[in-house]
Structure formats: structure tokens, C-alpha cells
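Subject: Structure for your review

Hello,

Please find the structure below.

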Amino acid sequence: MRILDLETPAVVIDRARAKANLVRAQAYADEHGLKLRPHIKTHKLPMFARLQCDLGAVGITCQKIGEAEVMADAGISDIFIPYNILGAGKLDRLLALHRRITISVTADSAVTVAGYAAHFTDPDHPLPVLIECDTGAERCGVQTVEEVVTLAKEIDAAPGLRFEGLMTYPPRGKLAEVEEWLSEAIAALEKNGLRANTVSSGGSPDFYEAGSVKSATEHRPGTYIYSDRMQVAFGHGTLEDCAFTVLATVVSRPTENRAVIDAGSKALAADLAPVPGHGHIVEYPDAVITGLSEEHGVIDLSGSAKKPEIGEKVRIIPNHVCPVSNLYDEVNLADGDIVTETVPVAARGRLT
């Protein structure tokens, strides 16, 4: 069918743009000697995970065990979970994955390491564990190089674990500081007879400068497959690179300069970006989505020379595509103006 024949709100993914984004990123990683381990949190689709691996990725990244289970069921055999996994139930599920695929995890505390050590006891098939380092993003991660060494020794001492290396989610625009932090940690580990086989960095905004972090061996971009207004505002490509749009219908024109669409916070999420509004309307680039309630998006048309009619359908590039992707049961893949396939978002809602 044609895109404009879809019931709204609906997600439309431009296949050609998505693949071009993947090909370009893989080429950059190859050029700079970085292994690419894409994060599937953005697309949550096994078909795209397989395509990323076919193009050269060494494996994928999943944020939660539930996502990893979906991807393992789909045939993906090398998965990294950069998250502290706690609790007997989750550790049992992690052990089941470890027995069927290659899987690695992170830790930033002795508590997390102790949990892994209690569940993973086979020295012939140890669980690879990376230490998460806070290199400035101020989220999770050990705070000092000394903590890295202490935790690495604890991992190394556990028979069923293997110290694999370091992982970080770097702050945007501070790659030099990230490199300094990681290089000091690597040197400290070497002084103590420990080796970081993998040094994993991440993020899409600074991806095309990731080669400057010489200590990193791999990179984990996620949003790069679709891109969004936030990425464009951060300098990652242009609006023409954005492959993911939400198709919406104008359901009301209460005034000359106000329109209302059938896509509210349940269709566009509520994340803001360093640009005005709650999304970019492709057909009306000067219009601004000024407000979202659950089922309504309010558009200010005062700055737009042309204005949509009631019943007209428009395509919106979200501010932040990752939470929007998680709102839909299915997405529509398109070539040009034609929908060629509708696929379920297999890892949607897998939050545990």
C-alpha cells in the first residue's frame, strides 16, 4: 500500500536511509580500526540486528536481559549487556543465555560482581565481565582508576568469571577527557598484571569522532540507524538522514494558526531537543508542535506560509526516536512512498 493509506498514527521507516546510515557507520568503524557493536535499543528489530552483523558488526548490545532473549531467539549469537544485573531471577536468565550464546556483562560494584560469582561457577566457561567507568557522564560507573583495579582483581579471582575489560558511556563533546581516563585505567591495570581485552565506548552524537579515543577497541552506537532531531541538533548528520517518521493526521483546525494532529505523547513521546517543539513536520518545516497531551499534538502555524487541511496526513521526525520506537507494536518499512513490509517490534517493552 501507499504510505498515505496507513491508519494513523503509524511509524514509517525509510529502508534506504536506514541502510545508508548503517553502511556509513560501519565504513567509519572499519577505517579507524574500531569494532562496531550496535545497540538495538533504538530499533528493537531482529531483522536490523542481523543486517548490522551482516555489514560487519561483531555482535550487538542490549540494555536488558529481555531484549537479549529476543535477539538470541532470533539467531544473534554475540550479545553485550552494559548494565548491572542484580537479583536471582535475572541472574538465572543470564546464566541460561550464557549456556547458549556468547554473552558479556558489566559491573561497577563488588555487590554486582558477587552476584555474578555466585551464579557463574564453571572455570571452563567463565562469564566475561567488563567494568563500567564513569568518564564524565555521571550515570553509572566506578569513579576512580583505583576502583577499576580493585574491582578487576575481584572479577579475576572468581573462578566462574573472566575480567574482560572496560566499558563507558562517554559524555558528549569530551572525547579527549574520555581517552585520558581510559588510558590511565589501562596503564594501572597493566601494572597489576591485568589486561583489558575489550574497551567499549558508546553513543551516536560523537560517533564520527570516536576514532580519537585511541584506547577504545569497540563502539556501541544506537540511534545512528534512524537518527532524529536530537542527533541532528548535536551535529550527527542532517534531517535528510532521518529514516524514522511518525505519520499523523490533522484532525482539527480550530483557528487559522492552530492545527491538532492525532499524535500526542503516546505517539511521539515527550522528550525535548535543543530545537523548538516536539518534532519536525516534514511537509511543514516552519510549523511548530508546541504541545502534547496523550492523544493530541498541537501545532502552531503562525510561522508557516502554507497550512494543512483537516484530514491531511503529515510525517514527523521525532525529537528522540528511541522511546518513540518503544511505543509501537509494529513499524512499516517503506521504499519511496510504498509500504513494502509491516513487522512487529519484537523487543518492545522488554524492560527486565
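Predicted model: local features only at pLDDT ≥ 70, side-chain atom pairs only at ≥ 80, totals over all residues.

Val260 has a relative accessibility of 9%, and because the cut-off for buried is under 20%, Val260 counts as buried. Leaving out residues up to four places away in sequence, Val260 touches Thr249, Val250, Val251, Ser252, Pro254, His296 and Gly297. Ala248 is twelve residues from Val260 along the chain, and their C-alpha atoms are 9.9 Å apart.

Next, the domains. The domain assignment gives domain 1 as 3-10 + 237-344 and domain 2 as 32-223. The distance between the C-alpha centres of the two domains is 35 Å. Eight residues of domain 1 make contact with eight residues of domain 2.

How much area is buried between domain 1 and domain 2? The value is about 590 Å², and carbon and sulfur atoms give 72% of it. On the domain 1 side, Cys322, Ser325 and Leu333 supply 53% of the area buried against domain 2, more than any other three residues.

One residue pair is in polar contact across the interface, with both residues at pLDDT 80 or more. The side of domain 1 that touches domain 2 draws at least two residues from each of helix 10 (321-325), strand 16 (330-335) and strand 17 (338-344). Helix 10 gives the largest share of that side, three residues. Sorted by class, the side of domain 1 that touches domain 2 has six nonpolar residues, two polar residues and no charged residues.

The last item is helix 2, residues 46-54. Which of the residues of helix 2 are buried? They are Pro46, Phe48, Ala49, Leu51 and Gln52. The buried residues of helix 2 pack against strand 1 (10-14), helix 1 (15-31), strand 3 (60-61), helix 3 (65-73) and strand 16. Strand 16 is also one of the elements that supply residues to the side of domain 1 touching domain 2. Just after helix 2 comes Gly56, which has a positive phi of about 130°.

Regards

Technical notes:
Residues numbered from 1 in each chain as written. Heavy atoms only, no water. Buried < 20%, exposed > 50% of the residue type's maximum accessible area, 1.4 Å probe, protein only. Contact = heavy atoms within 4.5 Å. Domains from an automatic or database assignment. Buried area = accessible area lost by both parts, 1.4 Å probe. Polar contact = N/O pair within 3.5 Å; in protein donor to acceptor, adjacent residues only side chain to side chain. Helix = DSSP H or I, 4+ residues; strand = E, 2+ residues; numbered from the N terminus. Nonpolar A, V, L, I, M, F, W, Y, C, P; charged D, E, K, R; others polar.
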